[in-house]
Amino acid sequence: PQTVPLYVADVTDPASLDAAFKDAAVVLTTAGPYTHWGTPVLEAALRTGTHYADLTAEVPWMLNMMDKHGVEATAKGVKIVHCAGFDSQPTDLISHLVTAECVARTGAPPERVFTVAGKAKGGFSGGTIASLLAAMYEAPKAALARGAHPYSLTTGTGAKAVSDQVAIEEGDPAGARWCEPAAAWTAPFVMAFINARVARRSAALRPGLYGSEYKHTEVMEMPGRFAAFAASAATAGFALALKLPFARHALRAIAPKQGTGPSMALCKGGHWEMRGYAVARPDPASGKRRMVKGVAADPGRDPGYWGTSRMMLDLGLALALDGPACEAAGCLKGGFLTPATAGGAVLVDRLRSAGLTFDVLEEDGTTV
């Protein structure tokens with residue numbers, strides 16, 4: 001059997017990173033917080049012309065990297081893909097599928113896209129907690145404020161400026177609400193702060209498909225009104241508590257340590273589901289809005305680790321082996337991309353072959 005070479009590199013030694021990456025087609029990096037450890041790896045990928053994907057949800061760091069290296073990545077044709085795991089492949093890809101189907105069925109991009117997180121079972125690691133705290137609480141205040149903007153990740157896409165009013169309307173949903181497309185009570189979804197921003201970046205990078213006025217909302221389905229209000233209150237309370245340094249210290253003390261995470265039994269016994277709804281513009285004659293539904297799911301892997309590993313692997317394979325096919329399907333050739341704009345339908349096909357579900361369902365066709 002062929003021997004896979006092993007390279008040892010140190011993130012504090014650029015030369016060792018260059019030596020490890022120079023013969024590689026793509027580098028996949030899973031070690032965060034990326035604010036602390038990610039920059040040397042990304043910069044080495046750019047120096048060596050190697051495609052790159054990571055699992056970060058650290059928006060301030062992502063924006064810093066886009067500011068510094070966006071022009072270079074595009075010019076070199078190097079694909080840099082953040083958020084390549086459960087956050088944010090399911091949201092980004094199911095949004096892409098229902099948007100494309102809405103265009104095919106109605107001749108126009110949807111007026112609005114909703115993604116709704118369904119039932120899930122999985123675990124988390126110390127690295128996830130450290131990355132989350134770095135992303136949401138521990139960057140400089142100016143960087144946190146910039147990252148909080150709902151359209152912050154459209155940086156460098158050429159998208160037109162978004163008014164403050166639209167930004168307010170598109171903010172991460174707070175509180176319990178009835179989601180008409182899903183016909184369900186919902187609460188805020190903890191990953192919406194990154195998932196919706198990634199989907200908005202995909203739309204800004206491909207306005208020919210998504211249109212120039214793409215709106216995206218992500219929430220979590222709840223079994224009823226009381227549960228929605230209870231979950232909303234708990235989420236708000238938790239977020240408020242984490243603004244206090246001692247609360248973050250306490251969370252670190254009780255959370256798994258960095259380098260540790262869920263058991264293999266939990267990883268293989270987990271599951272998740274994400275549904276997408278593309279609500280079309282009103283029909284000029286009838287005033288009715290058609291709706292396209294889609295679902296992304298995995299019945300046999302937890303979302304955070306077993307599932308994320310599969311998603312990241314297939315994105316890496318798409319970057320390494322499927323470049324011409326991805327570009328023929330409308331994906332971009334280089335720059336700071338998203339799962340949908342780097343892999344698109346080709347990546348979806350790979351994930352389906354791996355046992356994940358990505359399906360567009362029969363359209364509802366009624367008003368929403």
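Where is alanine 183 found? I located alanine 183 in the loop between strand S5 (177-179) and strand S6 (184-187); helices (H or I, at least four residues) and strands (E, at least two) are DSSP runs, numbered from the N terminus. I am working from a predicted model, in which local features need pLDDT of at least 70 and side-chain atom pairs count only at pLDDT 80 or more, while totals for chains, interfaces and linings use all residues. Residues are numbered from 1 along each chain as its sequence is written, and side-chain values use heavy atoms, with hydrogens and water left out.

**Backbone entries**

I noted that most residues other than glycine have a negative phi, and most peptide bonds are trans. Alanine 183 has a positive phi, near 50 degrees. Its relative accessibility is 53%, so alanine 183 counts as exposed (buried means under 20% relative accessible area, exposed over 50%, partly exposed in between, with a 1.4 Å probe and protein chains only).

I then looked up cysteine 83, which is not a glycine but has a positive phi of about 60 degrees. Cysteine 83 lies in the loop between S3 and H4 and is buried, because its relative accessible area is 0%. Serine 88 is found in the loop between strand S3 (79-81) and helix H4 (89-106), and a cis peptide bond with omega of about 25 degrees joins aspartate 87 to serine 88.

I found a cis bond from glycine 32 to proline 33 too, with omega near -5 degrees. Proline 33 sits in the loop between strand S1 (26-29) and helix H2 (34-48).

Not counting residues up to four places away in sequence, leucine 42 touches Tyr52, Trp61, Met65, His69, Ile80, His82 and Phe336 (contact means heavy atoms within 4.5 Å).

**Helix and strand entries**

I checked helix H8 (residues 192-205): its 14 residues should span 20 Å at 1.5 Å a residue, and its end C-alpha atoms are 20 Å apart, so the two agree. The expected span is 1.5 Å times one less than the number of residues. In H8, 14 of 14 residues are buried.

Threonine 357 is in strand S11 (residues 357-360) and counts as partly exposed because its relative accessibility is 26%. Leaving aside neighbours within four places in sequence, I found threonine 357 in contact with Val295, Ala296 and Ala297.
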